[in-house]
Amino acid sequence: MKQFALTLIIIASLFGCQDTTEKNEKQFFLPPATTYNYAVIDSVKLFYREAGDKSKPTIVLLHGYPSSSHSYRNLIPMLATHYHVIAPDNLGSGYSTHLDPETTTYTFDLLATYTEKLIDTLQIENYVMYMQDFGAPVGYRMMMKNPKRIEALIVQNANAYLEGLTPKRQDFFRTAQIDTSQTKHNFLYSLTGEDAIINKQFLFDLDTTNINIQSPDAWTHDLAFLKSQKDREIQVQLFKDYNTNLIRYPKWQKMLRDNQPKTLITWGKKDLKFNANGAKAYLKDLPNAELHLLDAGHFAAEEKTREIAKLILEFLSKNEI
């Protein structure tokens, strides 16, 4: 009996030590590395950031004005722990080729065509689409061609309803298209300058209590690609083309209504240009959409990165994506 008891004590001691060792092991959170890549398509180079396991569902992040994939530098590693993430630079933005605007007319049709070709080149069949600002007219054009390709939508201050634009804002886009005067052109060109980018874009809807949440890296990076006259003319051409999006809103809304994609809306409610009524309007056609109005402005992914990442991960998990 004494020998049996001693054996039990030794076994218990061994398991006890093992349990203590396991409990003392520290667990570390290490997101996958982001890579920085180019794809050559029709003689132009499209830049994209990529992270995560390619065998997992893909999230495509479409950026806005005057940005590039740099705007998702903090969001990418948070999502890439569970998903494959692609964030391209539009043709004419960021590190992608800037074709000469004197010989190439920049339109949202053009941007969507090249973005879709990039996704095809990367052999991505189906994906979750995240859209912000300019990302909406690019994304919805792609979605119109094949709605079933989109596994889910994530809408972040990405307008598809007139309710999200004040009458003054609607008039801005309309006159940008129809007013061909040099005076109008000069005004649009001024909006691509340093002061306008910093104070009328990134800091426009922030108050003094939270202004330090916006990293100066954001506008410094964007302004690096708006130094030349031709770079700025690219954005002017897109301003002039933007009213084509408002004209297409009814078609996009019908597409949403007919297809009922799984949709998460994470909208900075302080956005004065694409206001929160534009977020709520989605519910007319997508009554099952999940809506979150965040205490943020137009660049909510810069201000509320962790909150948006958490909402995305929870939403996709609930929908078994």
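Predicted model: local features only at pLDDT ≥ 70, side-chain atom pairs only at ≥ 80, totals over all residues.
View 1. Tyr-65 belongs to the loop between strand E3 (58–62) and helix H2 (75–79), while Phe-134 belongs to the loop between strand E5 (127–131) and helix H4 (135–145), so the contact ties together parts that lie 69 residues apart in sequence. Tyr-65 is buried, with a relative accessible area of 3%, and Phe-134 also counts as buried, at 5% relative accessibility.

**View 2. The pair of Tyr-95 and Phe-225.** Here the ring centres of Tyr-95 and Phe-225 lie 5.0 Å apart with their planes at 85 degrees, and because planes over 60 degrees apart count as edge-to-face, the pair is placed in that class. The pair links distant parts of the chain, 130 residues apart, since Tyr-95 sits in the loop between strand E4 (84–88) and helix H3 (108–121), and Phe-225 in the loop between helix H8 (216–224) and helix H9 (229–241). Tyr-95 is partly exposed, with a relative accessible area of 38%.

**View 3. A cluster of linked rings.** Ring pairs join a set of residues into a cluster, including Tyr-65, Phe-108, Phe-134, Phe-172 and Phe-173. Phe-187, Phe-239, Tyr-242 and Phe-274 also belong to this cluster.

**View 4. Charged side chains over tyrosine rings.** Lys-117 lies over the face of Tyr-114, at 5.5 Å from the ring centre. Arg-232 is likewise found over the face of a ring, that of Tyr-189, at 4.0 Å from the ring centre.

How values were computed
Residues numbered from 1 in each chain as written. Heavy atoms only, no water. Helix = DSSP H or I, 4+ residues; strand = E, 2+ residues; numbered from the N terminus. Buried < 20%, exposed > 50% of the residue type's maximum accessible area, 1.4 Å probe, protein only. Phe/Tyr/Trp six-rings, centres within 6.5 Å; stacked < 30°, edge-to-face > 60°. Lys NZ or Arg CZ within 6 Å of the ring centre and 35° of its normal.
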